[in-house]
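Please open the model in your viewer and keep the selection tool ready. We will go from the whole fold to a few individual residues.

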Amino acid sequence: MKLGKRHFWSMGTMLVLVLTFLIISLYPLAATVYNYWRSNDTAVAKWLTTPTISNVKLNSNNNFPFEVAYMHARSQWGGAGINTTLNGTSWASNIVCYGGTRSQILAGANLVVTTSDAGACFGGSTFYQNITANGMSKQLKYQSTTQQVCIVDANRTTNAYKNVFTHEVGHALGWLGHSNFSNDIMWTTISEIFNLTSYEKNHLSQFY
Ligand SMILES: [Zn+2]
């Protein structure tokens with residue numbers, strides 16, 4: 001009788017444990033909620049480790065402030081907490097930035113930048129996880145291939161080059177798509193604006 005009762009309670013405890021385990025496993029872990037979204041794309045990407053970055057100037061035009069704009073772009077994203085490790089003028093980095101005229105970029109780096117583009121970023125990203133950002137379902141990806149940034153030498157102002165460089169490095173760091181706001185550097189069109197807004201910084205930095 002006593003033995004039977006003890007047996008009954010241990011069966012009950014076992015049942016509670018099994019049910020608890022089933023309930024916990026059936027409910028997915030609460031996903032991280034991200035508070036910002038500034039892009040017209042449904043995805044954003046990130047580097048899983050701090051990327052190396054380098055600059056390769058393909059011409060000798062001293063009026064083309066390529067290095068100045070390069071350091072500016074790094075500093076802008078670094079100010080958002082997204083850092084890159086300098087790797088000189090190596091052609092082998094996670095992010096390689098080429099500068100020159102369209103024909104020099106084609107001849108030197110074998111990359112085609114269209115005549116309507118002041119710059120471009122070529123590179124791939126891979127699906128990482130589904131996320132909720134600003135109450136909407138989005139995708140988080142990770143940068144899985146070398147990102148090739150191209151800055152076209154086209155007799156622009158230094159501020160315009162800073163704008164283009166910061167924009168293209170933004171893509172290379174994972175800012176996919178564009179902003180719908182003309183005061184953002186990640187807007188579709190080149191401008192003289194060279195400081196990132198907090199909105200476009202937050203869009204990417206919340207994932208780093
Ligand atoms: Zn763009």
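Here is a short tour, one selection at a time.

Start with everything shown as a cartoon, bearing in mind that this is a predicted model. The protein has five helices and nine strands. Trace them from the N terminus and the order reads α-β-β-β-α-β-β-α-β-β-β-β-α-α. Of the 208 residues, 34% are buried. Among contacts between residues at least 6 apart in sequence, 75% join residues at least 24 apart.

Next, select Cys97, Val149, Ile151, Phe165, Val169 and Leu173. These have the most contacts inside the largest nonpolar core, a set of 34 residues. Now colour the elements that each supply at least two residues of this core: strands E2 (43-46), E3 (52-57), E5 (95-100) and E9 (147-152), together with helices H2 (66-78) and H4 (158-173). H4 gives the largest share, six residues.

Stay with Leu173 and show its surroundings. Setting aside residues up to four places away in sequence, Leu173 touches Trp47, Trp77, Ile82 and Leu204.

Then move to Val44, which you will find in strand E2. Is Val44 buried or exposed? Val44 counts as buried because it has 26 C-beta neighbours inside 10 Å, and the cut-off for buried is 20 or more. Beyond its neighbours within four places in sequence, Val44 is in contact with Ser39, Lys138, Leu140, Gly174, Trp175, Leu176, Leu204 and Phe207.

For a last stop, draw a distance between the C-alpha atoms of Val44 and Tyr142: these residues are 98 apart along the chain, and the atoms are separated by 8.2 Å.

Technical notes: Residues numbered from 1 in each chain as written. Predicted model: local features only at pLDDT ≥ 70, side-chain atom pairs only at ≥ 80, totals over all residues. Core = buried A, V, L, I, M, F, W, Y, C linked by C-beta atoms within 7 Å. Buried ≥ 20, exposed ≤ 12 C-beta atoms within 10 Å, placed from the backbone. Helix = DSSP H or I, 4+ residues; strand = E, 2+ residues; numbered from the N terminus. Contact = placed C-beta atoms within 7 Å.
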